[in-house]
Amino acid sequence: MSRAFVFPGQGAQTIGMGRALADAYPAARAVFDEVDDALGEALSTLIWEGEQDALTLTQNAQPALMATSLAAMRALEAEGVKITDAAFVAGHSLGEYSALAATGALSVADTARLLRIRGQAMQAAVPVGVGAMAALLGLDLETVKAVAEEAAQGEVCQAANDNDPAQVVVSGHKAAVERAVDLAKGRGAKRAVLLPVSAPFHCALMQPAADAMQEALAGVEIAAPSVPVVANVLAAPVSDPGEIGKLLVAQVTGAVRWRESVAFMGGAGVREIWEIGAGKALSGMIRRIDREIATRPVGTPDEVTAAVESLEG
């Protein structure tokens with residue numbers, strides 16, 4: 001059976017995530033230690049013992065979720081499951097960095113530092129209260145694009161996350177996003193709700209953050225990944241290091257084409273996808289995209305054991 005590994009994005013963070021993995025697997029604990037060293041602070045203490053509000057800050061959530069995903073991957077490796085057992089890897093937004101680190105394209109330390117910069121730059125790009133994001137449920141991508149265009153009225157309003165056939169997220173200026181919510185309800189959306197996020201990600205307002213990431217990535221060595229990475233902005237696999245760097249910059253302002261990415265993997269013969277790290281949000285999206293693809297969460301020692309046993313069975 002062809003298998004893919006995917007890595008979650010922001011919103012999956014919870015206090016305590018990854019701790020059981022670190023307690024059970026020395027290789028998993030080493031990931032958290034490496035991230036702490038790279039950032040020059042005890043991020044692991046915040047992840048395991050801190051306050052949810054502090055963990056949810058973009059600059060903390062991004063490296064924390066990556067650390068948890070890589071800890072789960074190291075636990076799998078300790079049990080004999082290699083990253084090259086996957087036909088493809090992919091990640092949702094910041095999860096693409098986790099995927100790249102898992103495949104050896106980026107070092108864990110560089111990934112942690114890049115995500116700290118990315119989180120800070122994304123937060124700083126737009127003053128709090130100026131931007132917003134909203135989930136429009138029950139409308140397809142083309143309808144949402146039309147809604148966003150109509151709502152813009154000279155401001156920014158874009159389809160930011162094409163998550164699954166029934167969920168597209170728009171991002172941009174707050175007033176424009178609010179107009180999109182009202183328009184979407186008139187177009188038959190089942191729900192249209194503003195999201196509790198601190199900045200309008202994956203839209204043109206993030207250009208200052210894209211510039212910051214271009215500068216940051218210029219100083220980092222990117223290797224060829226050991227497994228093809230299905231890039232967010234292409235919804236297609238990429239292996240060339242130079243192209244990977246360009247796509248990570250484009251990803252900051254570009255849409256996350258998750259529905260198309262999963263559809264690509266399904267079309268390429270993938271029949272099982274493991275969600276490596278915190279939460280199960282991607283698994284839900286995947287089931288709504290392609291019911292023929294089985295999903296499996298891998299974020300705790302028990303889930304690692306179950307995943308390994310499923311291969312042996």
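Predicted model: local features only at pLDDT ≥ 70, side-chain atom pairs only at ≥ 80, totals over all residues.
View 1. How many of the residues of β3 are buried? Seven of the seven are, so the strand is largely enclosed by the rest of the structure. Both faces of β3 are covered: Gly 131, Met 133, Ala 135 and Leu 137 are buried on one side, and Ala 132, Ala 134 and Leu 136 are buried on the other.

**View 2. The hairpin of β4 and β5.** Strand β4 covers residues 157–164 and β5 covers residues 167–173. The two form a hairpin with two residues between them, and they pair in the antiparallel sense over six bridges. Within this pairing, Asp 162 has Val 168 in β5 as its bridge partner. Is β4 mostly buried or exposed? Seven of its eight residues are buried, so β4 is largely enclosed by the rest of the structure.

**View 3. His 92 and its surroundings.** His 92 sits in the loop between β2 (88–91) and α6 (95–102). Its relative accessibility is 10%, below the 20% limit for a buried residue, so His 92 counts as buried. Which residues does His 92 contact, once its neighbours within four places in sequence are left aside? The list takes in Phe 7, Pro 8 and Gly 9, then Asn 161, Asn 163 and Asn 232, and finally Val 256, Trp 258, Leu 282 and Met 285.

**View 4. Helix α13 and the elements packed against it.** Helix α13 spans residues 281–289. Its buried residues are Leu 282, Ser 283, Gly 284, Met 285, Ile 286 and Ile 289. Among them, Leu 282 and Met 285 are also contacts of His 92. What do the buried residues of α13 pack against? Their partners include the strands β1 (2–7), β4, β5, β9 (270–276) and β10 (294–298), together with helix α12 (258–267).

**View 5. The largest pocket.** This pocket has a volume of about 750 Å³. It is lined by 31 residues, and Gln 10, Gly 11, Ala 12, Leu 195 and Val 197 lie nearest its centre. Which elements each supply at least two residues of the lining? They are the helices α5 (58–78), α7 (108–125) and α13, and the strands β3 (131–137), β4 and β5. By class, the lining has 15 nonpolar residues, 15 polar residues and one charged residue.

**View 6. The nonpolar cores.** The largest nonpolar core has 84 residues, of which Phe 5, Val 35, Leu 76, Val 89, Met 206 and Ile 276 touch the most other members. Helix α5 gives the most to this core, with ten residues. Apart from it lies another core, of 21 residues, including Ala 132, Leu 139, Ala 159 and Val 170. For a closer look at Leu 76, leave out residues up to four places away in sequence: Leu 76 then touches Val 81, Trp 274, Ile 276, Val 298, Val 304, Ala 307 and Val 308.

**View 7. Ala 204 in its loop.** Ala 204 has its place in the loop between β6 (191–194) and α10 (207–218). With a relative accessible area of 40%, Ala 204 is partly exposed. Leaving aside neighbours within four places in sequence, Ala 204 is in contact with Val 156, Gln 158 and Thr 253. Ala 204 and Ala 160 are 44 residues apart in sequence, and 9.8 Å apart in space, C-alpha to C-alpha.

**View 8. Ala 54 in helix α4.** Ala 54 lies in α4 (residues 52–56). Is Ala 54 buried or partly exposed? At 26% relative accessibility, it counts as partly exposed. Not counting residues up to four places away in sequence, Ala 54 touches Leu 46 and Asn 60. Ala 54 and Ile 15 are 39 residues apart in sequence and 9.8 Å apart in space, C-alpha to C-alpha.

Technical notes. Residues numbered from 1 in each chain as written. Heavy atoms only, no water. Buried < 20%, exposed > 50% of the residue type's maximum accessible area, 1.4 Å probe, protein only. Helix = DSSP H or I, 4+ residues; strand = E, 2+ residues; numbered from the N terminus. Pairing = 2+ DSSP bridges. Contact = heavy atoms within 4.5 Å. 1 Å grid on protein atoms, 1.4 Å probe; cavity = no way out; pocket = protein on both sides within 12 Å on 5 of 7 lines; lining within 4 Å. Points joined across faces, edges and corners; volume = space filled by probe spheres on them. Nonpolar A, V, L, I, M, F, W, Y, C, P; charged D, E, K, R; others polar. Core = buried A, V, L, I, M, F, W, Y, C linked by side-chain atoms within 4.5 Å.
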